[in-house]
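Dear colleague,

Please find below a structure that I am handing over to you, together with an account of what was found in it. I would be grateful if you read the account with the structure open beside you.

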Amino acid sequence: METLRLGVIMNGVTGRMGTNQHLVRSICAIRAQGGVVLGDGRVVVPDPILVGRSAERIGALAKANGDLRWTTDLDAALADPQNHVYFDSASTGLRAALTRKAIDAGKHVYVEKPSATTLEDALDLYRRAERAGVRHGVVQDKLWLPGLMKLKLLIDSGFFGRILSVRGEFGYWVFEGDWQQAQRPSWNYRKQDDGGIIVDMLCHWRYVLDNLFGSVTALSCLGATHIPQRVDERGKPYAATADDAAYATFELEGGVIAQINSSWTTRVRRDDLATFHVDGTLGSAVAGLSDCWIQPRAATPKPVWNPDVAQTIDFFATWQKMPSNRSYDNAFKAQWELFLRHVAAGEPFRWNLLEGAKGVQLAELGLASWAGRKWVDVAPLEGSR
């Protein structure tokens, strides 16, 4: 069995998500299982080189994960012909410039979302990669979450009949950093550092809505900065200049209406940190990150409005939990494997830089809607399917 080595430059993996999801649970897990088997029987094994500014931090991370290659010299890593892929999960504000450099060096590119801070830059990356003939992708991990995969199974089976609406709830309380340490980095709450929940989460909601329920055609979005002052990692108070909550409504192709609330200032009383409630003519479902509950038409209870009498129906008990009839891998790892197959053997991979640009487009339009207090249309992008 032939083994193909694929050098992967991993920039910005010292952060929580970069370390846990992309390095440990994706690339290192793929290496531990012996690589990814291609359609022709060959095996592709990623050979990562970690890149960071701090030699101490990046060296320690490389050592802790099997004495991986590492460097603080990104240019040297890009110049090495033994490195074939550039992956970026570093600072959002630097992503477009670094990805351009990688494309110009002839590397295939795979980047976290948002792929850029502006639609202009996001589209430039897509067009540049197409001209260079390199393969490219953007992380769209939520499509491989077990809960959403179960939801997709229901859609494909016709369970819902005609889908009417989608209601999404995402978020949790992020501590302000004074009496309890914040569980998200402080830059998330500074607009000048590319923070804000609209930029962060509308990129996700674009690919979830487009791939499951129908292309987004219009939206109305209201942002808010509910907590105006927070405390940073050094214990210093700072002005929170970015939005920490967003309340958005989307019109989708085919007439589906979606409403998604995103908040870092909400306390959770629901099944998971993100839930999607889908109503259709033949049934409804509620999906979290891992599980999915269903209620078909014939099993729908018949409540009667009477505020003078205590509710007798246990509504939660009227839903049935879907079984897990298959095993589910880590969502980030699942997409990494598809991208590695794409690079090594040209297998199909449609979650590319154009799809990433659609997410940036929706975030920009969300900010514009908030600023103008109006509905905005979502125009198709060049090359869209």
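Two strands are said to pair if DSSP finds at least two bridges between them. Please also note that this is a predicted model.

**The sheet**

By that criterion, an open sheet of 9 strands is present, with mixed pairing and the order E17-E16-E15-E14-E8-E13-E12-E9-E18. Strand E17 (320-321) and E18 stand at its edges; each has a single partner strand, so one side of each is left without a neighbour in the sheet. In general, the strands of a sheet pair through backbone hydrogen bonds, either parallel or antiparallel.

Both kinds of pairing involve strand E8. E8 runs parallel to E13, to which it is joined by 7 bridges; Val166 has Ala258 in E13 as its bridge partner. With E14, E8 pairs in the antiparallel sense, over 7 bridges, and here Glu169 stands opposite Thr275.

Strand E9 (residues 216-224) is antiparallel to strand E12 (residues 245-252), and 8 bridges join the two. One of the bridge partners is Ala246 in E12, which faces Gly223 in this pairing. E9 is also joined to strand E18 (residues 376-377), by 2 bridges and again in the antiparallel sense; Ala218 is partnered there by Asp377 of E18. Elsewhere in the sheet, strand E15 (residues 283-287) and strand E16 (residues 292-296) run antiparallel and share 5 bridges, with Ile294 in E16 as the partner of Ala285.

**Helices across the sheet, and the cores**

Helix H7 (residues 197-212) lies across strand E8 (163-171), E9, E12, strand E13 (257-263) and strand E14 (274-280), running at about 150° to E13. Helix H9 lies across E9, E12 and E18, at about 55° to E9.

In soluble globular proteins, nonpolar side chains tend to be buried together. In this model, the largest nonpolar core has 81 residues, of which Leu151 and Phe250 touch the most other members. H7 gives the most to this core, with 10 residues. Leaving out residues up to four places away in sequence, Phe250 touches Leu202, Leu209, Val216, Ala218, Leu219, Val256, Ile257, Ala258, Ile260 and Leu362. There is also a second, separate core of 27 residues, which includes Ile49, Tyr86, Leu123 and Val138.

**Helix packing around H5**

Two packed helices are described by the angle between their axes and the distance between the axes. The axes of helix H5 (residues 119-132) and helix H9 (residues 353-372) come within 8 Å and cross at roughly 170°. Angles over 145 degrees count as roughly antiparallel, and H5 is therefore roughly antiparallel to H9. On the H5 side the contact is made by Leu119, Ala122, Leu123, Leu125, Tyr126 and Ala129, and on the H9 side by Leu353, Leu354, Ala357, Val360, Gln361 and Glu364. These residues divide into 10 nonpolar, 1 polar and 1 charged.

H5 also packs with helix H4 (residues 92-104); their axes come within 10 Å and cross at roughly 5°. H4 and H5 are therefore roughly parallel to each other. Ala96, Thr99, Arg100, Ile103 and Asp104 of H4 meet Asp121, Asp124, Leu125, Arg128, Ala129 and Ala132 of H5. The residues of this contact divide into 5 nonpolar, 1 polar and 5 charged.

**Local backbone features**

Most residues other than glycine have a negative phi, and most peptide bonds are trans.

Pro114 lies in the loop between strand E6 (108-111) and H5.

Asp194 belongs to the loop between E8 and H7 and is partly exposed, at 28% relative accessibility.

Both Pro114 and Asp194 are in contact with Thr92, as are Thr117 and Trp187, when neighbours of Thr92 within four places in sequence are left aside. Thr92 is in helix H4 and is buried, with a relative accessible area of 10%.

Asp67 sits in the loop between helix H2 (55-64) and strand E4 (69-71) and is exposed, with a relative accessible area of 58%.

Yours sincerely

Note on methods:
Residues numbered from 1 in each chain as written. Predicted model: local features only at pLDDT ≥ 70, side-chain atom pairs only at ≥ 80, totals over all residues. Heavy atoms only, no water. Axes fitted to C-alpha atoms, helices over the stretch in contact; angles between N-to-C directions. Helix = DSSP H or I, 4+ residues; strand = E, 2+ residues; numbered from the N terminus. Parallel < 35°, antiparallel > 145°, perpendicular 65-115°, else oblique. Contact = heavy atoms within 4.5 Å. Nonpolar A, V, L, I, M, F, W, Y, C, P; charged D, E, K, R; others polar. Core = buried A, V, L, I, M, F, W, Y, C linked by side-chain atoms within 4.5 Å. Buried < 20%, exposed > 50% of the residue type's maximum accessible area, 1.4 Å probe, protein only.
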